[in-house]
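Hi everyone, thanks for coming. Let me put the sequence and the model up, and then we can walk through a few spots together.

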Amino acid sequence: MRDVVSPQAVAVPAAPWHALPRRNVADRIGATREGLTSTQAAERLRLHGANRLGAPPRPGVVRRFLAQINSFFIYVLLACAGGTLALGDYVDTSVILAVVLVNAVAGLLQEQRAETALAAIRNMLAPTASVQRDGQRLTVPAVDLVQGDIIHLEGGDKVPADARLLRAHGLLIQEAPLTGESAPVEKSVGRVPETAPLAERTCMAYAGTLIVGGSATAMVVACGVRTELGRISDMVAGTEPTRTPLLRKMDRFTRTVTAAVLAVDGAIIAIDVMLRGRTADEALLRGIGIAVAAIPEGLPAVLAVTLAIGVRHMAVHQAIIRHLPAVEALGAVTTICSDKTGTMTRNEMTVQAVGTADATYEVTGSGYAPAGQVLFAGEPMDSGSSAVLSALAQACALCVDASTQERDGQWTVSGDPMEGALIVLAGKIHRDAGALAGRMPRIDEVPFDSRSRYMATLHRSGAGTAALYVKGAPERIVAMCSTQRTEAGDAPLDPAHWHTLTQAMASQGHRVIAVATRDMGMATRLSVGGAESGLTLLGLLGLVDPPRPDAITAVQECRHAGIAVKMITGDHPETARWVARRLHLAWHENVITGARLDRLSDEALRELISVTDVFARTTPEHKLRLVTALQAHGEIVAMTGDGVNDAPALKRADVGVAMGRKGTEAAKESASIVLLNDDFASIVAAVREGRTVYDNVAKAIAWTLPTHGGQALFVAAAILLGITLPITPTQILWVNTATSATLALTLAFEPAEAGIMRRPPRPPHAPLLTGRVAWRVAIVSLLFMAAAFSMYEWALWRGLETERAQTIVVNTIVAMDVFYLFSVRFLETASLTWIGVRGTPAVLWGVGTTLLLQLAMTYLPAMQSLFHTRALSFIDNAAVLGIGVLFFLVLEAEKRLHAFYSSSLCGTSITGHSDSRT
């Protein structure tokens, strides 16, 4: 073996590997076609590193914990704790810090799932590889491969690195994880143009793909991060995940509320010092009372629990949530971008059409399960009623190398999926087709080759004669035939008929295979030339990867819910168009290819994407660009997929949805949601749950803000009036913490409202605090303030001590919180109904728990000492209950007035939703 160029001299080739003649590959790399020596491989491994993808940095526990307190709400509470500590009020300091700690720990537990997409992609690399070293064929760990190694590939192998093919014999590679192609790709050694897309680089074998047939020898041209798999890994690492609509709105909401609270609080403290003559310490302590009352510190916890309830409900529908905010975000999506293979389709090749010289037949059933029939004019064909179909069944059962089997109730194929479809077809024509291989053993064969484009097998029949069966590309097989089989017997070939039939099948999205036969007499061997002439054409088979039946229904349901569906696939444009037509996508005839996308500017793409639902021959970059363009267009995007090529777009989308059964680990770990059953229809159920979650979050906000706002109002009013605070900061924290943990959380369990899937998606930029909710916050806050002052002054008028008067106020606030809970469950419709009053089990549990906690605070000596409360009399409690009932009736009257006013202006009640798409 000649000397090898030093590894330091290895350079990036001037042209892509797929565009180089195979004889030039070794020279460019600095190797030989006999492979490397162990010494040379070890040196290259030392210089360039192992054949693996790098692990992403992960923040430590401390940094992740600190991230949980990165909130304006929490900052204000910490500032309040610092103020009370400086003033020597250790009880208030302890209570405030306990609230902060509980919220931070809860958030940390929810965020424990670290980003593992890159690790999942690393696991796709083959664990071992067959390599030529020191002139011998060895098996080495795949991580030890280096550029210049000669590797041997056989059926069932996972390609361990990117490699340029040197020799190939009937090589078929399943590249769906990288390209989205549902069928294996025929490989050859001839170079292809530089501009060839990934799916058409037939002289390359890429890391992470699967050999389903044939064998090859190839030279490694890229390892680890330099492979196509590594390039996608870099895209995943460099793709910033977007924050969901709810989180973005919550950020704006918390900043606005916090800024308003601090501004008002600062003004009141200044007034208290300058006009009331209080000391700075006393004014600061009273100001802390306002901040503690106004800041809805429990809202993040309520949000987390509401999302967690959505996670549990979605699990019932086989949707596993990996990141909590994705629950609500899915309910907000306006567009779903779906991969085709394995998501909209079954990723199982199926023969759906059979064409013979006499007739065209329809084949029912899908996948590899032996269920279905052959129909003629809608009527089932009896087994054995057609001599041509019987001959076709024999050919399909014998001229294959694949096999089908059942495991755990699922039928799968070992080998070429197309051959699996032929086996299933043979079983649909003849139930005993599986026994043919035993009765007619194979005695010779010509394996499939991309140059000859056919496969031939020779079989010995029971009579001792031999029969030849051939299958392959229609134009190739027709050229090898001289006769055609009809029900009346063999007849001269009619090429025009078969050409027309081939075009008709292809236009319907079928992949067409021709099948032929020949009587070989007493032959025992088969030569290539002997199989290429004198054949009798049996028929054409049309194969498809059919759409999932549930996906067709789900697409229509999405459209009814105002959600656009776009299919993005790496498959052929005609195949994509056929699937889109079957799915009834709105713009199914307008198919845009990846090559055209490359020529479009970002502005032109944003214009085109609104009238295009099908994108074919796309790469990972195209998918990522499409998702980004839709987001720039103001859409909330969900991206579904199952392959490595989907991972960057899944991470970039507002919601990434991966298929759990057939999806790659890279896709699952890049996604926010994983569908265990790979059923596109599960997304519809998840959207419904997401919309319910948002409604419940809105109800929680509508409940939380007025209760906190009312407390802040009467504390601020007390300061401005120069009177004793009707409630202490510690008591305020008790009310906020106790009711948030009981009453507010019950809203997370509210069921979906009627018609939730008949309304369009909410506008992406609609604020959390709508005009209706803002009005409710204002009116309820004023009612809280009026009730608190009235009860406080009534208690002092009766001569009660300050602590007892404050206890009455605390219980009045809690009673109003309870009655307001029943009112806010139905923001627009009446709550004074049997359903409204009865509540849900969660509501009843929350009210009961609140009652017990409030009784403990009021009557237990230890709680009285901690919160400065006093026991209340029967009259006190009756007054508190009366205020709650009156408050509820006032709110119900306000609802009726609002409904009447809205209907008089608009002719219908305002629902708060606008139709944003047709």
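**A buried leucine, a sheet and some rings**

Let's start with Leu398, which counts as buried because its relative accessibility is 3%; buried here means under 20% relative accessible area, exposed over 50% and partly exposed in between, with a 1.4 Å probe and protein chains only. Before I go on, a word on the source: this is a predicted model, where local features need pLDDT of at least 70, side-chain atom pairs count only at pLDDT 80 or more, and totals for chains, interfaces and linings use all residues. Residues are numbered from 1 along each chain as its sequence is written, and side-chain values use heavy atoms, with hydrogens and water left out.

Back to our leucine. Leu398 sits in helix α14, residues 387–398; helices (H or I, at least four residues) and strands (E, at least two) are DSSP runs numbered from the N terminus. Which residues does Leu398 touch, leaving out those up to four places away in sequence? They are Leu436, Ala437, Met440, Arg442, Thr457, His459 and Tyr469, with contact meaning heavy atoms within 4.5 Å. Between the C-alpha atoms of Leu398 and Ala426, 28 residues apart along the chain, the separation is 9.4 Å.

Now, the sheet. Here we have 8 strands in an open sheet with mixed pairing, in the order β8-β28-β27-β26-β9-β23-β25-β24; two strands pair if DSSP finds at least two bridges between them. At the edges are β8 (319–321) and β24 (591–593), each pairing on one side only. Strand β24 runs parallel to β25 (residues 614–616), and 3 bridges join them.

Finally, the rings. How many aromatic pairs does the structure hold? There are 5, where rings of Phe, Tyr and Trp (its six-membered ring) pair if their centres lie within 6.5 Å, and planes under 30 degrees apart count as stacked, over 60 as edge-to-face and the rest as tilted. Tyr361 and Phe376 make a tilted pair, because their planes are at 50 degrees, with the centres 5.6 Å apart. Tyr361 belongs to strand β11 (residues 360–363) and Phe376 to strand β12 (residues 374–376), so this pair ties together parts 15 residues apart in sequence. Tyr361 is buried at 6% relative accessible area, while Phe376 is partly exposed at 41% relative accessibility. Elsewhere, Phe784, Tyr820 and Phe887 form one aromatic cluster.
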